[in-house]
Amino acid sequence: MGILDEDVARVRAATDIVQVIGQHTQLRKVGQRWSGLCPFHNEKSPSFSVNGQEGLYYCFGCQKSGDVITFVREIEHLDFVAAVEWLAGRAGITLTYTDPDRGEGRKRKARLFEVMERSVDWYHRRLLEGSDAGPARAYLRSRGFDRAMVDEFKVGWAPDRWDELVKALRVPDAVLTDTGLGLRNKAGRQQDFFRGRVLFPIFDDQGRPVAFGGRKLPDTEGPKYQNSRENALYNKSATLYGLNWAKADIVQSNEVVVCEGYTDVIGFFRAGLPRAVATCGTALTEEHIRSLKRFTKRVVLAYDADDAGQNAAERLYAWEEKYEIEIHVIAMPPGSDPDELSRSAPEALVEAVRTAKPFLAFRVARVLDAADTSTPEGRARAAGAAIEVVREHPSPFMRDQYVMEVAGFCRVDEQQLREQLARAPRPKPNAEQRPKRRRDDGDPGPGFASASGGYVDDAPPIGDEHSPYSYDDDDLGGPPAPVQAAPIGDSAEVEALRLLVHRRSEIEAWLRPVLFADRRTRIAYEALSEAPDVAGALVGASPGLGAFLSRISVEETSSDTTDVIVRLLAEATARAIAGTEAEARRSEDPLAYSPIIGWLKLRLDELRGDEPSMESSPELLAWLDENSSEFS
Ligand code: ZN
């Protein structure tokens with residue numbers, strides 16, 4: 001299932017990684033490689049490196065690494081096949097699919113997308129040029145839209161006629177129904193779906209149009225909003241309006257703002273926060289959260305999440321735990337919405353996002369703000385009411401934090417509040433209680449142990465700019481080392497691997513597995529020596545090994561090859577001496593070992609002398625290689 005390997009290789013060969021990455025960050029040539037600010041994390045000095053020849057990149061800041069396909073996957077948030085398709089489209093290469101159905105399905109979808117794109121353009125031009133679009137243009141101007149925004153969001157106008165779009169499109173009925181653009185009416189004629197509405201095209205996260213949201217003009221008949229029905233391209237509960245435009249800033253700012261309508265999203269863009277998305281006429285779903293989690297862990301709700309009450313709270317807390325996200329809520333000034341505020345007081349909107357509160361803090365503040373805390377009775381009642389909100393949170397640690405806060409604010413005894421929490425009936429049982437029970441069993445919950453479920457693997461530790469190498473033995477798929485693997489460090493072994501990548505012919509003949517004592521460098525050496533180049537070594541490499549290889553591929557070295565070989569030989573010889581001595585002690589005839597130990601010590605002295613001699617090195621290397629199983 002997927003794309004033919006030959007095609008993937010053709011796409012790789014036809015693509016210049018420096019050019020692709022150069023569209024996301026400015027790259028400067030430094031020696032043989034390219035360097036620039038990392039497009040994946042915020043930084044002021046460049047720690048991102050690209051090896052154009054090998055087609056690899058590595059960031060010393062966030063440790064992101066890979067080849068051009070990985071880069072496109074990460075930056076465009078695509079899966080492997082979609083990333084290869086993206087690059088193939090760019091290079092003008094036609095792909096062959098190993099699964100013919102996939103090819104057919106994609107072809108059919110591509111046709112639907114093409115018709116949607118024509119419709120977006122048609123409606124957009126109609127808004128700009130149509131003599132019947134005057135009221136629509138006036139309405140948009142009154143809502144703070146200028147020409148640039150109308151263009152950016154491809155706003156359109158569906159004329160108040162019944163078949164103008166379908167006449168322009170000239171497509172079969174099936175295409176009209178599959179795109180939701182039209183239908184065949186009772187009179188047996190094709191008819192437009194949208195009539196007399198300002199249209200906001202809805203794109204998927206790859207920027208392909210999947211639906212329209214239609215808003216009626218003021219003082220006209222009909223419901224205020226009318227959206228495309230779900231169809232072959234459009235799944236409401238998985239689609240977020242604006243994600244195609246917002247995703248870059250969401251990643252950059254590590255935050256997404258979720259609002260209720262198209263115009264709210266546009267309002268946030270207008271206010272200088274291009275990281276807003278909207279649900280399209282549905283509540284926030286788990287699919288939405290899954291989709292957003294690919295970009296950020298911080299979700300800021302810009303609508304009244306409190307209105308939905310306890311059910312919404314339970315769902316949001318459950319998602320926070322399940323997806324390891326944090327949900328915050330904006331306190332909007334009363335009676336305002338983001339669209340309106342972006343026009344009247346954009347700085348207030350920015351400030352509201354900046355001061356968004358965690359969901360529980362927001363709910364507790366709501367209760368306390370509404371209470372009369374001027375009297376002891378009022379404060380006691382407020383504390384009691386606030387505790388009922390605190391109760392909804394699944395984490396006992398979080399609950400206790402808020403118990404203390406509420407007690408302080410209302411000037412009541414913490415212990416009494418704790419007793420109230422313990423006393424009152426538990427919330428009604430439901431499926432979502434399972435994770436709570438598990439946590440009560442001793443799991444400290446999120447925020448303590450490094451959480452579960454692949455989180456650690458997904459997120460390499462963000463170290464300082466030049467953190468030591470570390471990839472765990474676990475990454476290599478072998479049995480774990482008995483002791484926690486130490487960072488590989490900047491050893492002669494790593495230096496030798498760098499030389500093997502960058503000046504292969506100088507060192508290749510000298511290297512043997514026995515020279516690599518660290519299991520990780522040895523596996524890297526074996527992968528490199530078996531493949532023609534780094535890209536070849538990356539095929540099938542574990543993520544840890546892949547990152548390690550990518551890193552050394554962007555690290556040039558000016559080391560002298562002889563120096564590195566001498567160091568490697570000396571280290572291996574010292575290990576051989578220790579190993580042989582240990583064997584001698586166990587043996588019944590220790591003296592039999594002394595000639596070889598003596599010979600090895602002599603070689604070691606030569607290697608560690610002021611002027612290391614390489615004279616007997618080939619012989620030494622051959623001995624080490626032959627006897628490696630004895631002591632390594
Ligand atoms: Zn980075």
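This note walks through one predicted protein model, point by point.

1. **Ground rules.** The model is predicted: local features need pLDDT of at least 70, side-chain atom pairs count only at pLDDT 80 or more, and totals for chains, interfaces and linings use all residues. Residues are numbered from 1 along each chain as its sequence is written, and side-chain values use heavy atoms, with hydrogens and water left out.

2. **Overall make-up.** The protein has 29 helices and 17 strands. Helices (H or I, at least four residues) and strands (E, at least two) are DSSP runs, numbered from the N terminus. Of the 632 residues, 48% are buried. Buried means under 20% relative accessible area, exposed means over 50%, and partly exposed lies in between (1.4 Å probe, protein chains only). Now take the contacts (heavy atoms within 4.5 Å). Among contacts with a separation of 6 or more, 66% join residues 24 or more positions apart.

3. **The zinc site.** Which atoms coordinate the zinc ion? They are Cys38 (SG), His41 (ND1), Cys59 (SG) and Cys62 (SG), at 2.1 to 2.3 Å. Donors are N, O and S atoms within 2.8 Å of the metal (3.2 Å for Na, K and Ca); water is not among the atoms, so sites may look incomplete. The angles among the four donor atoms run from 101 to 116 degrees, and the site is tetrahedral. Four donors count as tetrahedral if all angles lie between 85 and 135 degrees. Ideal angles are 109.5 degrees for four tetrahedral donors.

4. **What the zinc site joins.** Along the chain, the donors of the zinc ion follow the spacing C-x2-H-x17-C-x2-C. Cys38 sits in the loop between β2 (33-36) and β3 (48-51), and Cys62 in the loop between β4 (56-59) and β5 (65-67), so the pair ties together parts 24 residues apart in sequence. Cys38 is buried, at 5% relative accessibility. Cys62 is buried too, with a relative accessible area of 7%.

5. **A covered helix.** Look at helix α22 (residues 492-502). Of its 11 residues, 10 are buried. Among them are Ala492, Val494, Leu497 and Leu500, and also the charged-type names Glu493, Glu495 and Arg498. What covers these buried residues includes α23 (504-507), α24 (519-530), α25 (534-538), α26 (543-553) and α27 (561-586).

6. **The second largest pocket.** Its volume is about 850 Å³. The search uses a 1 Å grid over the protein atoms alone; a pocket is an open set of points where a 1.4 Å probe fits, with protein on both sides within 12 Å along at least five of seven lines, and lining residues have an atom within 4 Å of a point. Grid points are joined across faces, edges and corners, and the volume is the space filled by probe spheres set on the points. The lining has 30 residues, and Glu85, Tyr97, Arg106, Gln206 and Arg208 lie nearest the centre.

7. **Who lines the pocket.** The elements giving two or more residues to the lining of the second largest pocket are α4 (80-91), α5 (100-129) and α10 (243-253). The largest share, 10 residues, comes from α5. By class, the lining has 10 nonpolar, eight polar and 12 charged residues. Ala, Val, Leu, Ile, Met, Phe, Trp, Tyr, Cys and Pro count as nonpolar, Asp, Glu, Lys and Arg as charged, and the others, Gly among them, as polar.

8. **Two positive phi angles.** Most residues other than glycine have a negative phi. His77 has a positive phi of about 55 degrees. His77 lies in the loop between α3 (68-76) and α4, and is buried, with a relative accessible area of 17%. Asp219 has a positive phi of about 60 degrees. Is Asp219 buried or exposed? Asp219 is exposed, at 80% relative accessibility, in the loop between β10 (209-216) and β11 (225-227).

9. **Ala83.** This residue is in helix α4 and is buried, at 0% relative accessibility. Leaving aside neighbours within four places in sequence, Ala83 contacts Ile69, Val72, Arg73 and Leu78. Ala83 and Arg73 are 10 residues apart in sequence and 5.4 Å apart in space, C-alpha to C-alpha.

10. **His393.** His393 lies in the loop between α17 (376-390) and α18 (396-410). His393 is buried, with a relative accessible area of 8%. Beyond four places in sequence, its contacts include Tyr317, Glu320 and Leu360.

Methods. Tetrahedral: all angles 85-135°; square planar, octahedral: opposite > 155°, others 65-115°.
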